[in-house]
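Biologist: Hi! Could you walk me through this one, starting with the metals?
Modeller: Happy to, let's open it up.

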Amino acid sequence: MVVDESSFQKVKDFAPQAWSIDLQNNNFTCPQQLIAMLGYPSQSVITLSQLFAAFEKNQVSLLKKHIRQVIDTGKPIIQTAILNAYQHRYIAEIVINPLPKNDKVITGTIELKQYFLTKQQELAFLKRIFAQSNEGLMIADINHTILIVNKAWCNNTGYQEHELLGQPASILKSGRYTQSFYQKLWSHVDEQKIWTGELLAKTKQGEVYAHEARIQRIDLPGQDHVYVSSSHRLDTSADLWDEDNPNASSKVHVPDKNAFSKKLNADYKQLSNDVTIVTLVFSVNLAQATSAVTRQWLVAQRFSQLSQRGHLGILNEKMFAAYWIVPKQMEDIEHTLKSALAALEGHNSYEDIGLSATVHGGASVLQIDASSPSQMLAHASQALIANSQGNDSSLYYFDRRLSKRFNRKATLATLLRQALTANKIEAYYQPIVALPELKIVKFEALCRVKLDTNIPYSVQELIEIAEEYNWIDQIDAAVTKQALHDLPILQKHYRSNSLGMSINRSVVNDRVSHCCLEDTLNIFEASDIDLGLITLELTESAYFDDSYYHSEWLDKLKARNIAIALDDFGTGYSSFSYLRQIPVNVVKIDRSFVSGLTEESNEYAMIDMLCKLTHKMGGKVIAEGVETQQELYLLSKLNADMLQGYIFSKPRSLADILATTQDNIYPHLSQHVYQENIINAHSIMRRDFPKIGPDDKLKTAVERFKKYQSRDLIVIEKSRCLGVLHQGDVNAAISPYLNTKGEQNRDLLTLNKRVHQVMHKSHIKVAINTTYEHLFEQFVNQPYTVAIVEGDSGICLGLITLEDMLLQHEHIANKH
Ligand code: C2E
Ligand code: MG
Ligand code: MG
C-alpha cells in the first residue's frame, strides 16, 4: 500500500464545539457534524455508550473519572484523549464544565486538534520504517522460517529478499558453531525472550562476518510467537576500533603500530629483573574468505581470551604484533607463545571447532636475541617473514636454538589438532585383574590417537600437549563416551555384568572453566551404565592442587557411587600424610615403583606401607605396569588388590579384544601368585575330619560325635563322600529314653540303625581351587553348614564348615 505523504500533515483544526450530557437519560448532544464523524451520520443525539465506543479503551475510564470529579468538586477539567472518528485518530481536547447545583446536564466543549493515520496507513508506515532501517531486521516464525527481512538485512547477507523469504534462518549459519550452540541460543531466546551477542554468520558468497545480533521472541495472542532479529555488522562499523571507548564490552580496542610500540617501550623501561619480554609478530589466514576487519575482530576476540594477559597491536592489514611480560623461564616463554598460537587458531572453544585459521609467527625474546623493543619487533618480523610458508601453523624464534626445541612439540600439536578435528580419538582397553585369582574385574580406557607422522611420540606426550593447549576436555569427553558405550559389549564378551571401567580425567588447573568434573558427571549420567561400575582416575596433582574446589565435585561423584582412583601414586607429592586426608577408593601405584621390584628395595617397603595404610582406610591398591613374574609374585605377597600391566595384556582396541576368545582369568600365571595369601577351598579346608562308613551303626556315630567334638561326620566309602551325617539328625533318629532311667531294650535298638538311613546326600561339593568368594556365596545361598572339597576324580579331600568360613571372614576383615 502506498502511503500518502499528505496524510502526515497536520489537518486544519476543528473549532471547539459545545456538547452536553443529560444525566437523566444518558444522552449526548453536540453539533450534527461531530456526531456524523463519530460514525452516526443519521442521528442527532447519541447515547453515552455510543460516544464512549469512539474513544480508545483506557481513555474511556479516564473520561468517566473526570466527569465524576467535576460533579464532586465543581471544578472544570481539561482532558486530551484519543478519539477514533472517520477511521482517523484524532487528538481531542475535551473541556468539562462545572454544572450548577442540582442540574442534571453536564456541558463542555470538544476540540479536535490533529488527526493521524488510519490503522492501515500506520501499518504501511511502520513497514516502510522497517524496510528503510539501517539496522538489519528479520522476522521469523515459530519454526525459525524467515517471514520478513529488510533491505539492510539483505545487504548484510548478500541475499536478495526473495532468496531469504520462506528459508530457515539457519541459511545464515557460519558453520562455526556446533549444533548444541544453536540449540542453547534458541532455548535462551525462548526462556529469556531475548538474546544479544556477537555471532559469526555467512553471506551468500560464503564470506564469514561478525555481527552483533539481538534476537527477541514476541509472543502473540494464542500459542503463536515470532522472532525478531536485528543485526549490526561489526566489520562495517567504524566504532569497532573506537579508541576513545576501549572498555565497551562488545568492542575491541586494538592499537596501531605506533601505539603498540609506545606501550612496549613504556613496559620495557619499567621491567623488573626477574622477568623478560617476549614479542610475537604474526599473520593469520582464515580458510574462509573474510574481510580484513572481521579477521582483526576475530584475532582481538581470541587474544582477549588468553589467560596470560598480553598486549596486541595491528601492524598492517595482515600482520599483528603482541608481547607479554613473562618470567625468565624457557617453559614460561614457550607456554605463552604456544597458548597464544592455539588460541589464535581458534580451536580452544567447543563452539569454534572447525575454524581453521593458520597462524604463522615469529618470536623474539628480550636479552636472548634482542636488547631493545625496536630490535625485538624487527627480529620477530624477520623470523616470521623468513618462515611463513605452508598450510600448517608455525612458530619460529629469531634465535635458532629456541626454534629447534619448539618445533617438535609444535608439529605434534598441529597434528593432534587435526586428528581432533577429524574425530580420530580412540579408546583402547587394558585389563585390571584382581588378586589372587587373577580375574579381570575392570578395564582402563586409554586414549589412542593415530598421528600422520614419522616422529615418534607417546600418548603421555600428546596428553600433555592437549593439557597445555586446553584440548584435553575434548579428548577426555570422547574417550569417556566411547568407553561407556563399549562397556556393555565387554561385559557381554566376558559374561560378567560386574565388569567395571576406569577412566582417566585430567584436571588442569589454569583452565578458564573449572567445570571439567561437572562435564564428566554429565556424560556419566547421560549413559545407562550403573555408575557403581565406574572409576575415575585422577592424578595426584589434580587431587591436591586447588583441593577446595575439586573436593566439592568429588563429593558429588562419590555420592553417585563413582569410585575415585589416585593415579600414578608416588610420582607427585607421594606423601602418605596426604593420603590420610583424602578419602580415595583406589590408589594406583605408579609403574616406576613396580618395575624391577625386589624384596630388599625401598620400593618394596613403600608399597607394603601403602597397602597397609590404604586397606586400613578401606581402600584398594592397584599396581600399574606389572611386566614380570617376579613383580607379580612380590605384589601378591604384598597384598595388592589388583594388578595391571603387560604381563596380562597391553591396551587393545575393542575389535581386537572381541576377536579373541580369551577367558577372564589367567590360569597360566596363577602359579606365580604368592600362595599363602590365596584364600580358597584348598587353604581353608580341614584335611583331618571325622569320618564314618555308610553301613556303620548310629551307635558308632554317637561315639564319634563325642570323641571329635564335632557336629558333622562325613560318610565315606572308598575315599568318596556319600553324604553328611548331622548330629541333630542322629539325635532325632535314636530314642530320647536312651541313657535315662526309663531306657528299655527297644530304645537301645534304635542305636543299631545304619548311617545311610539317616545321612544327608545333598551336601555342597566344591573343587579344591574354589575361591573364597565363591564358597561364601554357596554358604549364603544354601542352608548347609558344611562343604565337601573333592579332587578331580571325586575323591574327598577335605571339609569346610560354617565356622571355618566365619573364621576366614574375620581374618580377612582384620587384614584390611
Ligand atoms: P596411566 O593412566 O597411568 O595409564 C597407564 C599407562 O601405562 C598407559 O600408558 C599404559 O599403556 C601403560 N602401561 C600399562 N601397563 C604397562 C606395562 O606393563 N609396561 C609399560 N611400560 N607400560 C604400561 P599410555 O596408554 O601410554 O598412557 C599414558 C598416560 O596418558 C596415562 O597414564 C594417563 O595418565 C594418560 N592418558 C591416557 N589416556 C588418557 C585419557 O583418555 N585422558 C587423560 N586425561 N589421560 C590419559
Ligand atoms: Mg590411568
Ligand atoms: Mg598411572
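Biologist: Which residues are the protein donors of the magnesium ion (ligand 2)?
Modeller: This is a predicted model. In it, the protein donors are Glu444 (OE), Asn504 (OD1), Glu537 (OE) and Asp567 (OD), and they lie 1.9 to 2.2 Å from the ion.

Biologist: And how are the donor residues spaced in sequence?
Modeller: The pattern reads E-x59-N-x32-E-x29-D. Asparagine 504 sits in strand β19 (residues 500-504) and aspartate 567 in strand β21 (residues 563-569), so this pair ties together parts that are 63 residues apart in sequence.

Biologist: Nice. Is aspartate 567 buried or exposed?
Modeller: Aspartate 567 is buried, at 6% relative accessibility. Asparagine 504 is partly exposed, with a relative accessible area of 21%.

Biologist: What does aspartate 567 bridge?
Modeller: Aspartate 567 bridges the magnesium ion (ligand 2) and the magnesium ion (ligand 3). Those two ions lie 4.1 Å apart.

Biologist: Let's switch to the backbone. Which residues does a cis peptide bond join?
Modeller: Leucine 435 and proline 436, with omega at about 0°. Proline 436 is in the loop between β17 (425-434) and β18 (439-449).

Biologist: What about phi of asparagine 423?
Modeller: Phi there is near 60°, which is positive in a residue other than glycine. Asparagine 423 is in the loop between α12 (400-421) and β17, and it is exposed at 66% relative accessibility.

Biologist: Where is aspartate 568 found?
Modeller: Aspartate 568 is in strand β21. Its phi is positive too, about 55°, although aspartate 568 is not a glycine. At 22% relative accessibility, aspartate 568 counts as partly exposed.

Note on methods: Residues numbered from 1 in each chain as written. Chains lettered and ligands numbered in written order. Predicted model: local features only at pLDDT ≥ 70, side-chain atom pairs only at ≥ 80, totals over all residues. Heavy atoms only, no water. Donors = N, O, S within 2.8 Å, 3.2 Å for Na, K, Ca; no water. Helix = DSSP H or I, 4+ residues; strand = E, 2+ residues; numbered from the N terminus. Buried < 20%, exposed > 50% of the residue type's maximum accessible area, 1.4 Å probe, protein only.
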